[in-house]
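Please read it with the model open.

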Amino acid sequence: MADYCPVYAPFFGTMGCTAAIVFSCLGAAYGTAKSGVGLSAMGVLRPDLLIKCIIPVVMAGILGIYGVVVSCPSSPYLPFDIDHLPLCFSIFLSSLSYSVLLSGGLALKQTLFAGFIQFGAGLSVGLSCLAAGIAIGITGDAGVRATAQQPRMFVGMILILIFAEVLGLYGLIVALILNTKASGTESICA
């Protein structure tokens, strides 16, 4: 069984968690910064469209949430009792245990197969969110500047942003599918 469960197997699962959050947040940060620059330039010309054109910044921020959903620690390991928190926080923290993928499956003894699957799932969501963030940033920057000059460009910008955002969602779906393949191998290492 040592061949199936080497001591370094959890390293790959941990790197999957790290890749998911790091790359998705890099995409979110780039998309936010790039479209934020365009939003600032547009706000000088047309301050009345500022709130309407903040959509690229919000869509870029959603990419970071995809990484959190895949890699954040699950609620049974929280160091405090969630019953003493306000209701909105306790509902959010208790829902994390159902939405967490990778770190919920990390264990001291796990198969190399599970570690590689978790690594692939983390790279899947992380790199797809990075690509989506780049697309959202470039499209958002040009789109809000074009909307300042011609307000009818807004609908076209939104459609392109939706197609850019769905790239990150595809990575999240692949991570979900991959993670279902990693479960059920814990009994091999017992």
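The points below go from the overall fold to single residue pairs.

1. Basis. This is a predicted model, where local features need pLDDT of at least 70, side-chain atom pairs count only at pLDDT 80 or more, and totals for chains, interfaces and linings use all residues. Residues are numbered from 1 along each chain as its sequence is written, and side-chain values use heavy atoms, with hydrogens and water left out.

2. Overall make-up. The protein has five helices and zero strands. Read from the N terminus, the order is α-α-α-α-α. Helices here are DSSP runs of H or I with at least four residues, strands are E runs of at least two, and numbering starts at the N terminus.

3. Burial and surface. Of the 190 residues, 42% are buried. Buried means under 20% relative accessible area, exposed means over 50%, and partly exposed lies in between (1.4 Å probe, protein chains only). The protein exposes about 10,200 Å², and carbon and sulfur atoms supply 75% of that. Areas come from the Shrake-Rupley method with a 1.4 Å probe; for residues, only the protein chains shown count as cover.

4. Contacts along the chain. Take the contacts with a separation of 6 or more: 83% of them join residues 24 or more positions apart. A contact means heavy atoms within 4.5 Å.

5. H2 against H5. How do the axes of H2 and H5 cross? The axes of helix H2 (residues 55–71) and H5 come within 10 Å and cross at roughly 5°. That makes H2 roughly parallel to H5, a label for angles under 35 degrees. Axes are lines fitted to C-alpha atoms, for helices over the stretch in contact, and angles run from 0 to 180 degrees between N-to-C directions. On the H2 side, the meeting residues include Ile55, Met59, Leu63 and Tyr66. On the H5 side, they include Phe154, Leu161, Glu165 and Leu172.

6. A nonpolar surface patch. Leu167, Leu169, Tyr170, Ile173, Leu176 and Ile177 form a nonpolar patch on the surface, with about 520 Å² of accessible area together. Patches take residues with over 30% relative accessible area and no salt bridge; nonpolar side chains (Val, Leu, Ile, Met, Phe, Trp, Tyr) are joined within 5 Å, like charges within 9 Å. Leu176 lies in helix H5 (residues 153–182). Leu176 is partly exposed, at 40% relative accessible area.

7. A salt-bridge network. The structure holds three salt bridges. Each is a side-chain nitrogen of Lys or Arg within 4 Å of a carboxyl oxygen of Asp or Glu. Which residues are linked in a network? They are Lys34, Asp141 and Arg145. Asp141 pairs with Lys34, with the closest N and O atoms 3.5 Å apart. Asp141 lies in helix H4 (residues 112–149) and Lys34 in helix H1 (residues 9–45), so the pair ties together parts 107 residues apart in sequence. Arg145 also bridges to Asp141, at 2.7 Å between the closest N and O atoms. Asp141 is buried at 11%, while Lys34 is partly exposed at 30% and Arg145 is partly exposed at 36%.

8. Another bridge. Arg46 forms a salt bridge with Asp48, the closest N and O atoms being 3.2 Å apart. Arg46 is partly exposed at 25% relative accessibility. Asp48 is exposed at 56%.

Methods: Parallel < 35°, antiparallel > 145°, perpendicular 65-115°, else oblique.
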